[in-house]
Amino acid sequence: MNMNDNPGHPVERQHWLTALAMAPCAALEQALEQTRSAGELPTLIWLRLPQTGLFMVRARAGGSGAQFNLGEASVTRCAVQDEVGRIGIGYVRGGNVRHAELMALFDLLLQDEVRRADLLGAVITPLNERRQAAREAASREAAATRVNFYTLAREVE
Amino acid sequence: MYVAVKGGETAILNSHELLAAARRGDERVPEITPAQIRQQLRLAVARVMSEGSLYDEDLAALALKQAAGDQVEAIFLLRAYRTTLPRFGYSLPVDTSRMALRRRISAAFKDLPGGQVLGPTYDYTQRLLDFSLCEPSASPLPPRADEPLAEAMPRVSELLGHEGLMEEELPLPGDPAPVDLSREPLSFPADRATRLQNLARGDEGFLLAMGYSTQRGYANSHPFAGEIRMGEVALEIVPEELGFAITIGEITLTECQMINQFAGSSTVPPQFTRGYGLAFGEAERKSMAMALVDRALRAAELGEETTAPAQQPEFVLSHSDNVEASGFVQHLKLPHYVDFQSELELLRKMRNRHEGRMKVGAGGTAPTEVAAEENA
């Protein structure tokens, strides 16, 4: 398995895979344009053609108790391989085939030691910052609706 | 006896055309797109995803357009579509304590850590029709606080936990995989995991009525809305290629922790017990109703007297699914011509007999003769 080839990398790879899966597809298209203009892309073969299917979403009773099946979510996945045998995978929630393809491509490119540092800086870090900013904006909007209770003191006669 | 009935083909095809025209409406009005439905009718989309038991906003919006806004029909469309998709696997259990909160309130604790966050709610609107919405307007910019909410807010149910006043929710020994109702038929007795899956995709109106019945005295459990939270949680899976978990996206969930009085039993001291509701999307009414019904269905487990419909698993779980219910009610539209004909004949015979008896009582002919005459 790929993770055994690079025993030090699962955590790093976990991070970039999450960043790619959570990114807007348009941002990945843009990143592809940048990467393409910076140099040749490897020739890839499909290990698994893009396919949309289902994951059953599990939850816990009371939030922390026994597991139960909440309902399904659509997921699109694919896998690509380059000439040296690196495997890139794409798994995104929803039905966006292009998003899964781009995720797999970048996962594969990021496994290339020569490209990694550049891609982390040029693609993954901005995606994380963007996601963080969006999350903070939403959280500040919610925080503006927080109730500040005050107690009315009865006037002393 | 079978009677082959043919014909109607042209009528059916023409009715499809008529349906499409009715769906489109007046062509001078712009056609609605699934993207508009997804963005501007998000609560309708949430209900279709929740009861269609499939989280996919685009498909749910399309189903709503196709069904001309008929929610149960849209739910049926989504359920039918999901059967065409392969099952890749199961997610890790979602962690609602790490939810990116957009709303979080408690009716039990005023000053809960993290505060009461109202979020986008209709609760404090005046429910007056807003005629300004008849005209398009610029999207409002909601105010932002200087600081975001805390990263993780404790669940209210954990606040009383350390005093032992609140029932604990712990994984079962060995944390077993739950029964999956999308794979196995419902059977009884149904454990809590099975009940929760059934309720999670159950009809909101049905659950609302059952929950309401418990409040009106049919299994009163004295509920408090301990906590309601809504926001985004990470969807984590373990891809078969990797062997470690990755986040592949987020889903919006609404969670309700209902707190209920419990007098205790011979083994358990008096404490608060809990009912749980969880639903896809912004679905507060649904998750509250679900929590009430979940708690009512725990009556037998808690040694309470079971007297009310909401406490009977066979009754509640067998009637909660609106795809099944709608199918069975609406199958009455299918041709029952032969059935009806035989009922008609039976009824005529019974009436003849009845008439005959009346005549015999009045000194008339024997009933068998009357029947023979009429059949001749």
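B:Y55 and B:F280 are both buried in this predicted model. Their rings form an edge-to-face aromatic pair, with 5.1 Å from centre to centre and 90 degrees between the planes. B:Y55 belongs to strand 1 (residues 54-55) of chain B and B:F280 to strand 6 (residues 273-280) of chain B, so the pair ties together parts that are 225 residues apart in sequence.

**Confidence of the model**

- Chain A has a mean pLDDT of 91, and 92% of its residues reach 70 or more.
- Residues 1-5 of chain A stay under 50 in pLDDT. For this stretch the model has ten contacts beyond four places in sequence.
- Where pLDDT is low, the predicted coordinates should not be read in detail.

**Aromatic rings**

- Over all chains, the structure holds four aromatic pairs.
- A cluster linked by ring pairs contains A:F55, A:Y91 and B:F88.

**Charges over rings**

- A:R77 places its charged end over the ring of B:F88, at 3.7 Å from the ring centre. The ring of B:F88 is also a member of the cluster with A:F55 and A:Y91.
- A:R58 has its charged end over the ring of B:Y90, at 4.0 Å from the centre of that ring.

- B:Q257 is located in strand 5 (residues 246-260) of chain B.
- The relative accessible area of B:Q257 is 2%, which is under the 20% limit, and the residue therefore counts as buried.
- The side chain of B:Q257 reaches into chain A, where the backbone oxygen of A:G62 lies at 2.9 Å.
- Within chain B, the side chains of B:Q257 and B:R274 are joined by a polar contact of 3.2 Å.
- Beyond its neighbours within four places in sequence, B:Q257 is in contact with residues of both chains, including A:G62 and A:G63 of chain A. Among its contacts in chain B are B:R155, B:S157, B:F224, B:E227 and B:Y276.

**Strand pairing in chain A**

- Strand 2 (residues 67-82) of chain A runs antiparallel to strand 3 of chain A, and seven bridges join them.
- Within this pairing, A:Q81 stands opposite A:I87 of strand 3.
- The two strands form a hairpin with four residues between them. In the turn, A:G85 has a positive phi of about 95 degrees.
- Strand 3 of chain A is mostly covered, as six of its seven residues are buried.

**Strand pairing in chain B**

- Strand 3 of chain B pairs with strand 4 (residues 223-237) of chain B in the antiparallel sense, over five bridges.
- B:R104 has B:R229 of strand 4 as its bridge partner.
- Five of the six residues in strand 3 of chain B are buried, and the strand is mostly covered.

**Backbone geometry in the loops of chain B**

- B:F188 and B:P189 are joined by a cis peptide bond, with omega at about 0 degrees. B:P189 lies in the loop between strand 3 (100-105) and helix 6 (192-200) of chain B.
- B:S53 is not a glycine, although its phi is positive at about 60 degrees. This residue is placed in the loop between helix 3 (42-52) and strand 1 of chain B.
- B:S53 has a relative accessibility of 6%, which is under 20%, and therefore counts as buried.
- B:A68 is another residue other than glycine with a positive phi, in this case near 55 degrees. The loop that holds B:A68 runs between helix 4 (57-66) and helix 5 (71-82) of chain B.
- B:A68 has a relative accessibility of 58%, which is over 50%, and therefore counts as exposed.

Terms used. Residues numbered from 1 in each chain as written. Chains lettered and ligands numbered in written order. Predicted model: local features only at pLDDT ≥ 70, side-chain atom pairs only at ≥ 80, totals over all residues. Heavy atoms only, no water. pLDDT = per-residue confidence, 0-100. Contact = heavy atoms within 4.5 Å. Phe/Tyr/Trp six-rings, centres within 6.5 Å; stacked < 30°, edge-to-face > 60°. Buried < 20%, exposed > 50% of the residue type's maximum accessible area, 1.4 Å probe, protein only. Lys NZ or Arg CZ within 6 Å of the ring centre and 35° of its normal. Polar contact = N/O pair within 3.5 Å; in protein donor to acceptor, adjacent residues only side chain to side chain. Pairing = 2+ DSSP bridges.
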